[in-house]
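Here is a short briefing on the strand pairing, pocket and surface of one protein. Keep the structure open while you read.

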Amino acid sequence: MAVQSINEGQAGTPTKMRDTAAQDRVVERGKISWIRWAVAIAAIIAIGIFIVSTAATWLRTDLSMPRERLRTATVTRGLFVRDVAIQGQVVAAIKPTLFASSAGRVKLLVSAGDSVSAGQPLATIASPALEAELNRAKSALAEQQTQAERERILGKQADLANRQAVDLAEVAVTAAARELRRAEASWEYKVIALQDLEQARDELARAQLESKHRKADAALYTEQRAFEARTKALSVEQQELAVSELQRQQDALTVVSPVDGIVGNLNVEDGAAVATDAALMSVVDLTRLELEVPLAQGYADDISVGMSATISYSGETFGAVVSGISPEVTNNTVTTRLRFAAEQPAGLRQNQRLTGRIEIERIDDTLMLPRGPFYDSGAGRTVYRIEQQFAERTAIVSGAVSAGFIQILEGVEEGDTIVISATNAFEGQEQILLTD
């Protein structure tokens, strides 16, 4: 059918437009039905395959879990550092407590928190009894020293008298010897009687004997005076020691700081009466601070003095060394102390809480996983390894455990993907379907 229209550019001139009749084709009804059936059958087959695949997947698993709810990690191989996380408080390595050396009334010279230096007086104790005893001891010492000096002078006088007696005895011997020579000469000329000669001989013998005894007496007396002098000297020395001890106790009534630091707690009030050995105050040496850590009893056998450690403070890590381990267990913990390996960081305060790690051992070239709740869920014997859409329960043999990693000895290989979040929700199933 032809359609006529008037062209606006050529008014009154009719133009013919072609229709689509020439493009039409006649299609048989049977052919259309066959195509529709083919499409429908293909769709049914595709749906069937999907249903069968899905059904097979569901038949292979007992439980499903959204993948996004799980946290996973890859098994790696490398250096495993076994360490333990610690948390403790800063304490003073040197914190001496000062005590009263004698009973008396105390006078405090400082207050709590004051900075002090070594040797600075911190308190004094007034003890009249000790002062009186010291004065008596000094008086007794002076008396004994006077007696010792008197004995020394008397000894000199006695020695002088003994020497004089010995000298006179020697003179008598000389005179007797001279008289004997004269008597012998006179006897040759028969001018004296024999009796006179014999008497001269007896006089010489008597003088010699007396001289001998005088010398022996002088030596014995000298020995006796030396013994008495030593006895007096020992008495004086003993009294000097007593005075020195009392003087030391008197000097100790002035309590001085043994270290540079600050005054800690004051245990007494100013002017209070204190007994002997009563605690007065403590001094904290802030230049020697350590970290006191309550460590679980299970780690006590693995930790030893000298082990390396790290302490975290103000975003930085500082090297440390285990300096001491308590020999007793308290509330299932063992108190451990760490000191800084180098200079301690500035700004530390006593009783401040810090964290760190103690390195126990290093194991090279071993498999390991980041530590997570899965270790407790599987008791360290099972993990869930991811294979495509499934998480399969796998038996493992775990080794050392650190604060950040777990050593794996058997059961998995390097590169395996493991669920490291808690697996309690898996209910111990052998295979879990992971859904997107």
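Ala92 has Leu289 as its bridge partner in strand E14. The model is predicted, and the contact belongs to an antiparallel pairing of strand E5 (residues 76-92) with strand E14 (residues 289-296). That pairing has 4 bridges.

**Strand E14 and its other partner**
- E14 also pairs with strand E17 (residues 333-340). The two strands run antiparallel and are joined by 7 bridges.
- Pro294 has Thr335 as its bridge partner in E17.

**Open sheet E10-E9-E7-E12**
- This open sheet has 4 strands with antiparallel pairing, in the order E10-E9-E7-E12.
- Its edges are strand E10 (254-256) and strand E12 (273-274), each of which pairs on one side only.
- Strand E9 (residues 121-126) runs antiparallel to E10, and 3 bridges join them.
- Thr124 stands opposite Thr254, which lies in E10.

- E8 pairs with strand E11 (residues 261-266) in the antiparallel sense, over 2 bridges.
- Val116 has Gly261 as its bridge partner in E11.
- In a regular strand, side chains alternate between the two faces of the sheet.

**Largest pocket**
- The largest pocket has a volume of about 150 Å³.
- Which helices each supply at least two residues of its lining? They are helix H2 (128-188) and helix H3 (194-252).
- H2 gives the most to the lining, with 6 residues.
- The lining residues divide into 7 charged, 3 nonpolar and 1 polar.
- Among the charged residues of the lining are Glu151, Arg152, Lys156 and Asp159. Arg225, Glu228 and Lys232 also line the pocket.
- Ala148, Ala226 and Ala229 are part of the lining too, as is Gly155.

**Nonpolar surface patch**
- Which residues form a nonpolar patch on the surface? The patch is made of Trp37, Ile41 and Ile45.
- Together they have about 360 Å² of accessible area.
- Ile45 is found in helix H1 (residues 29-60).

Key
Residues numbered from 1 in each chain as written. Predicted model: local features only at pLDDT ≥ 70, side-chain atom pairs only at ≥ 80, totals over all residues. Heavy atoms only, no water. Pairing = 2+ DSSP bridges. 1 Å grid on protein atoms, 1.4 Å probe; cavity = no way out; pocket = protein on both sides within 12 Å on 5 of 7 lines; lining within 4 Å. Points joined across faces, edges and corners; volume = space filled by probe spheres on them. Patch = residues over 30% accessible without salt bridge, like charges linked within 9 Å, V, L, I, M, F, W, Y side chains within 5 Å. Areas by Shrake-Rupley, 256 points an atom, 1.4 Å probe, with all protein chains shown as cover. Salt bridge = Lys/Arg side-chain N within 4 Å of Asp/Glu carboxyl O.
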